[in-house]
Amino acid sequence: MKCPNCGKRTAIDLDLHSEGFTSDENPVKECGACGLVWRHQSIKGKPEIDIIKPARRE
Ligand SMILES: [Zn+2]
């Protein structure tokens, strides 16, 4: 999974099931490079990126 912010492939799955953030269809990802936390959603059949936490500032 490529990071939509920096394009690096260092994203990891976050397990936020207990907080109600994620589901098996829309797993929450965190980028190990820039810190962006996002998930993919499907809105009316179109893939959308939902930013949960913005990237760290350099
Ligand atoms: Zn990134």
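Trainee: What should I keep in mind about the model and its numbering?
Mentor: It's a predicted model, where local features need pLDDT of at least 70, side-chain atom pairs count only at pLDDT 80 or more, and totals for chains, interfaces and linings use all residues. Residues are numbered from 1 along each chain as its sequence is written.

Trainee: What makes a stretch count as a strand or a helix, and how many of each are in the chain?
Mentor: Strands are DSSP runs of E with at least two residues, and helices are runs of H or I with at least four, numbered from the N terminus. By that rule the chain has four strands and zero helices, so it reads β-β-β-β along the sequence.

Trainee: How do you know that β3 and β4 pair?
Mentor: Two strands pair if DSSP finds at least two bridges between them. Strand β3 (residues 37-43) has seven bridges to β4, so the two pair, and they run antiparallel. Ile43, for instance, sits opposite Lys46 in β4.

Trainee: Why are β1 and β4 called edge strands?
Mentor: The open sheet has the order β1-β2-β3-β4 with antiparallel pairing. β1 (11-14) and β4 (46-53) each pair on one side only, which is why they are called edges. The twist averages 35° from one strand to the next, with axes taken as lines fitted to C-alpha atoms (for helices, over the stretch in contact) and angles running from 0 to 180 degrees between N-to-C directions.

Trainee: What makes Lys44 worth a look?
Mentor: Phi of Lys44 is near 50°, a positive value in a residue other than glycine. Most residues other than glycine have a negative phi. Lys44 lies in the loop between β3 and β4, a hairpin with two residues between its strands.

Trainee: How much of the chain is buried?
Mentor: Buried residues make up 12% of the 58 residues.

Technical notes
Buried ≥ 20, exposed ≤ 12 C-beta atoms within 10 Å, placed from the backbone.
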